[in-house]
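Hi,

Here is the model I promised to pass on.

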Amino acid sequence: MRRLLLPAIISAVFATAHQYHFAHLDANWNSRAKTLEVTVRLHADDLEQLLRQRAGRSVELDRDPQAEELACAYTLETVAFERTRLRCLGMQVARHSATLFLEAPAEAPPVRARFRSFSAHFADQINTVQLLTDNQRTGATVAFLAADQWKALPR
Amino acid sequence: MTGWQHKQFLGTGEFTLEFGDYQVKITVPNDHVVASTGVLQNPSEVLTTTQRQRLEQARTAKKPVLIVTPAEAKAAEKGKPTGKKTWVFHAKNVRDFAFASSRKFIWDAQGHNVGGNSVLAMSFYPNEGNPLWERYSTQAIIHTLNVYSRYTFQYPYPIAISVNGPVGGMEYPMICFNGPRPLEDGTYSLRTKYALIGVVIHEVGHNYFPMVVNSDERQWTWLDEGINSFLQYLAEQEWEPNYPSRRGEPAGIVEYMLSPGHDPIMTNSESVVALGPNAYGKPATALNILRETILGRELFDFSFKEYARRWMFKRPMPADFFRTMEDASGTDLDWFWRGWFYTNEHVDLSLEKLTQYTIDTRNPEIEKPLSKKAKEEAPVTLSAQRNKPLRKRTDDYPELLDFYNKWDEFAPLPSEKKAFETYVKTLEEDEQKLLDPTMNFYAVELKNIGGVVMPVILSIEFGDGSKEEMRIPAEIWRRQSNTVTKLIPTRKEIRSITLDPHLETADADLSNNHWPRKPVKSKFQLFKEERDSKRNPMNESKADAAPPSSGNN
């Protein structure tokens with residue numbers, strides 16, 4: 001069952017759709033380049049509906065020339081790492097998911113993160129963050145529930 | 001089976017009911033078309049002569065026939081009803097009943113013989129559903145009946161309907177409701193196309209699970225949604241080459257299996273947090289792995305069909321599924337159900353180390369030359385290199401040289417040869433054969449990091465460029481589920497080994513699947529490389545938009 005707070009999004013029981021709200025983020029600190037490389041995976045359906053709400057028009061991720069710009073803007077609003085200024089490099093769209101690629105200069109791995117994509121819209125949204133250093137996982141995955149703001153990242 | 005049903009309807013667990021026969025009368029405005037569970041009992045009262053003729057024609061048609069055309073549906077939209085009509089439907093042996101009624105419906109139908117059962121496949125949709133619906137809906141229904149019946153049992157009902165409605169997808173006996181539509185301009189994206197085909201397959205597929213194999217979705221969502229998602233994957237893969245299935249491929253479930261604190265599949269429907277990957281994606285993947293990697297297609301398909309056949313019009317529980325798959329395949333799968341259905345562990349096998357051993361034959365004729373070669377191939381130290389040209393005292397006084405200066409320490413001594421002959425006599429013939437000096441023994445050390453035990457699939461590349469695939473059953477972990485060593489005897493030298501070379505086990509970390517270790521590029525790196533290698537899309541657009549040269553008309 002979807003629990004939606006946005007009035008413009010129609011709630012429905014989908015026997016086949018994803019009846020859950022989940023997003024994942026990998027934050028890789030590249031020790032050689034001294035950059036933070038962030039890969040954010042969002043559900044394409046959720047993102048399309050949300051962008052339609054924000055843009056006031058239909059936004060098809062794989063066809064709209066402005067989709068990447070809109071998706072980047074939203075992702076930069078909802079993903080943050082302490083003392084880091086992210087920029088969005090672009091988006092890849094698959095049948096069911098959209099992957100956003102963000103990057104920032106970083107002298108060290110981040111200490112705290114905020115990951116609130118869809119959190120203001122879905123009460124059951126769960127977002128997870130995995131910190132990596134040079135593509136090796138460091139520490140456990142951190143889960144962000146809808147009410148969570150900044151959280152420390154274990155190393 | 002459970003007596004009076006005490007579970008409240010909370011939404012997620014959808015519904016479950018017992019079987020019954022239904023006779024339903026539906027009175028609607030007389031310009032409506034009704035799609036319903038069951039067989040229409042009074043066509044002469046509710047359909048025009050033309051519609052009845054078209055319906056008859058559809059029963060033997062090779063492609064969908066329009067019973068109500070787009071123009072007729074559009075005309076009906078503009079009109080007003082002049083009275084009411086009562087449609088009568090009869091449905092036998094169904095666990096629920098549903099219908100849809102609208103004056104906007106286009107209606108197409110095609111009869112199809114499913115293993116001897118004549119089924120009328122039908123779609124109902126408004127003009128807003130076209131051109132997508134007229135092209136794909138009824139085709140997808142028939143495709144589903146063909147594929148699902150092959151893997152389970154003959155479709156038992158006379159009707160199969162797909163209706164375009166306001167839900168993403170929802171199933172009832174003989175009828176289902178599916179959402180995807182084109183944009184207002186009549187175009188549709190690739191995602192919308194596959195969303196429609198996929199959802200029609202899925203919802204029509206629910207006729208088999210749970211409409212006939214009547215499991216309790218209120219308790220165990222996965223038992224119908226997971227099995228249905230698995231069959232949906234099989235049907236999609238028979239639709240067109242490289243169909244972009246959402247669920248089924250092992251790599252697709254890794255992210256969910258890595259997520260912290262996710263629920264095991266064996267969790268009550270109302271308690272599952274992420275129902276999509278938990279009850280749809282993960283069981284579909286697990287069954288695909290069971291089919292492709294654990295049992296093989298022939299054994300799995302036989303066992304799966306046996307489960308479907310045994311539990312038609314009955315109420316199976318998870319244990320019935322597990323038990324049937326085991327006794328029909330003659331395979332103990334306890335370890336598989338435990339890892340994939342009862343835990344929230346993930347798959348991550350690691351190829352930790354490769355150690356090469358050779359046999360000590362004890363034969364001085366073999367071992368001494370080998371020792372000599374090893375000594376000769378050993379690196380010469382820097383001091384030794386620099387000391388070599390220095391004039392030695394024995395150059396000036398050769399009388400200082402004695403037996404030991406001339407003695408070949410690697411020449412077999414008679415006593416050593418005799419000792420070996422004595423030793424060989426103590427060995428059996430089979431044991432003597434093992435003293436083969438050309439044999440290499442490689443010890444492959446494997447570690448189970450994720451927790452779920454899985455078969456070990458190794459692709460071995462040898463020094464001569466040849467390759468060999470080794471498939472070791474999961475029972476290798478039986479006595480020690482954390483680390484295990486596999487000994488590989490071979491006459492060739494191993495150059496490299498890849499674990500899970502066909503990505504068939506949902507291994508979460510591919511960076512530890514190689515010996516020697518190989519760097520695995522991250523998604524981020526691949527994206528940047530791809531982006532950097534692309535031409536400037538703005539320039540490409542300009543080039544595409546440029547007018548043709550004057551010579552081309």
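Predicted model: local features only at pLDDT ≥ 70, side-chain atom pairs only at ≥ 80, totals over all residues.

**What I found**

Setting aside neighbours within four places in sequence, B:Ala35 is in contact (heavy atoms within 4.5 Å) with B:Ala98, B:Phe99, B:Ala100, B:Phe124, B:Ile161, B:Val163 and B:Ile175. B:Ala35 lies in strand E2 (residues 33–36) of chain B; helices (H or I, at least four residues) and strands (E, at least two) are DSSP runs, numbered from the N terminus. With 1% relative accessibility, B:Ala35 counts as buried (buried is under 20% relative accessible area, exposed over 50%, partly exposed in between, with a 1.4 Å probe and protein chains only).

Residues are numbered from 1 along each chain as its sequence is written, chains are lettered from A and ligands numbered from 1 in the order in which they are written, and side-chain values use heavy atoms, leaving out hydrogens and water.

**Chain A and the interface**

Chain A has 2 helices and 10 strands, in the sequence pattern β-β-α-α-β-β-β-β-β-β-β-β. Of its 155 residues, 55% are buried. Taking contacts in chain A between residues at least 6 apart in sequence, 56% join residues at least 24 apart.

How many residues of chain B are in contact with chain A? There are 51, and they meet 42 residues of chain A. The area buried between the two chains is about 3,600 Å², with carbon and sulfur atoms giving 52% of that (buried area is the accessible area, 1.4 Å probe, that two parts lose on being put together, summed over both). B:Arg191, B:Arg246 and B:Phe524 supply 24% of what chain B buries against chain A, more than any other three residues.

B:Arg191 also turns up in the surroundings of A:Glu48: beyond its neighbours within four places in sequence, A:Glu48 is in contact with A:Val59, A:Glu60, A:Leu61 and B:Arg191. A:Glu48 lies in helix H1 (residues 44–55) of chain A, and at 17% relative accessibility this glutamate counts as buried.

**Strands in chain B**

Strands pair if DSSP finds at least two bridges between them. E1 (residues 20–29) and E5 (residues 84–94) of chain B run antiparallel, joined by 9 bridges. E3 (residues 39–40) of chain B is also antiparallel to E5(B), through 2 bridges. B:His90 in E5(B) stands opposite B:Gln23, and B:Val39 stands opposite B:His90 too.

Further along, 4 strands of chain B form an open antiparallel sheet in the order E15-E14-E17-E18. E15 (467–472) and E18 (514–515) have a single partner strand each, so one side of each is left without a neighbour in the sheet. E14 (residues 456–462) and E17 (residues 494–499) are joined by 5 bridges, and B:Leu458 has B:Leu499 in E17(B) as its bridge partner.

**Helix packing in chain B**

The axes of H6 (residues 221–237) and H10 (residues 318–329) of chain B come within 9 Å and cross at roughly 50° (axes are lines fitted to C-alpha atoms, for helices over the stretch in contact, and angles run from 0 to 180 degrees between N-to-C directions). That makes H6(B) oblique to H10(B); angles under 35 degrees count as roughly parallel, over 145 as roughly antiparallel, 65 to 115 as roughly perpendicular and the rest as oblique. B:Trp222, B:Leu223 and B:Ile227 of H6(B) meet B:Pro318, B:Phe321 and B:Phe322 of H10(B). Those residues divide into 6 nonpolar, no polar and no charged (Ala, Val, Leu, Ile, Met, Phe, Trp, Tyr, Cys and Pro count as nonpolar, Asp, Glu, Lys and Arg as charged, and the others, Gly among them, as polar).

H12 (residues 364–377) and H16 (residues 414–425) of chain B pack at about 125°, axes 10 Å apart. The contact of H12(B) with H16(B) has 2 nonpolar, no polar and 4 charged residues.

**Backbone**

The peptide bond from B:Phe209 to B:Pro210 is cis, with omega near 15°.

Cheers
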